[in-house]
Amino acid sequence: MKISEVAELTGLSVSTIRFYEEFGLCPFIQRGADGKRRFSKTDADWLELLASLRATGMSMSEMRTFADLYASGDATIPKRKAALLAHRQSLAARQAELERCRTILDRKLQKYDEIMKDQK
């Protein structure tokens, strides 16, 4: 696939894909004889994972460490799994905090509705 095709498939911008590659997060992307990137389905899946990790708050340095482990082969699967489990745990904590905040907002909105109703 061309970079534009993988961008469309993953929802990532071309510039983000280039940045991820330049930052060392995409160690296996091949280039054709013309020097242009050629993406496989596996590359697209990897980019989707990276985007998900980034969107859920994983730092670029953590992503780089994860990508380095990935590039090192299957012997690093236990470390990669541990990294993803730790990230999932942090997501659960963030979700709980967001839910607490939403509950507070809901109470405030309900209070405003009550005040506005009484003003009629």
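1. A salt bridge is taken here as a side-chain nitrogen of Lys or Arg within 4 Å of a carboxyl oxygen of Asp or Glu. The structure discussed is a predicted model. By that rule, E21 and R31 are joined through their side chains, with an N to O distance of 3.5 Å. This pair links distant parts of the chain, ten residues apart: E21 belongs to helix α2 (residues 14–22), and R31 to strand β1 (residues 30–31).

2. The two partners differ in their surroundings. E21 is buried, its relative accessible area being 17%, whereas R31 counts as partly exposed at 46%. A network of salt bridges links E21 and R31 with R37. The total for the model is seven salt bridges.

3. Two further salt bridges deserve mention. In one, the side chains of D34 and R38 meet at 3.0 Å, N to O. D34 is partly exposed, at 46% relative accessibility, and R38 is likewise classed as partly exposed, at 32%.

4. In the other, D68 pairs with R64, and the closest N and O atoms are 3.9 Å apart. Helix α4 (residues 60–71) holds both D68 and R64, which are four residues apart, or about one turn of the helix. D68 has a relative accessibility of 40% and counts as partly exposed; R64, with 36%, is partly exposed as well.

5. R64 also has an aromatic contact: R64 lies over the face of F23, at 5.5 Å from the ring centre. The ring of F23 is in turn part of a pairing described in the next point.

6. Aromatic pairs number five in this model. One of them is formed by F19 and F23, which are stacked, with 5.7 Å from centre to centre and 20° between the planes. F19 is partly exposed at 41% relative accessible area, and F23 is partly exposed at 27%.

7. W46 and Y70 form another stacked pair, with centres 4.1 Å apart and planes at 15°. Because W46 lies in helix α3 (residues 41–55) and Y70 in helix α4, this pair ties together parts that are 24 residues apart in sequence. W46 is buried, at 9% relative accessibility, while Y70 is partly exposed, with 23%. Ring pairs also join W46 and Y70 to F28 and F66 in a cluster.

8. The last point concerns the surface. L105, L109, Y112, I115 and M116 form a nonpolar patch there, and their accessible area together is about 510 Å².

Notes:
Residues numbered from 1 in each chain as written. Predicted model: local features only at pLDDT ≥ 70, side-chain atom pairs only at ≥ 80, totals over all residues. Heavy atoms only, no water. Helix = DSSP H or I, 4+ residues; strand = E, 2+ residues; numbered from the N terminus. Buried < 20%, exposed > 50% of the residue type's maximum accessible area, 1.4 Å probe, protein only. Patch = residues over 30% accessible without salt bridge, like charges linked within 9 Å, V, L, I, M, F, W, Y side chains within 5 Å. Areas by Shrake-Rupley, 256 points an atom, 1.4 Å probe, with all protein chains shown as cover. Phe/Tyr/Trp six-rings, centres within 6.5 Å; stacked < 30°, edge-to-face > 60°. Lys NZ or Arg CZ within 6 Å of the ring centre and 35° of its normal.
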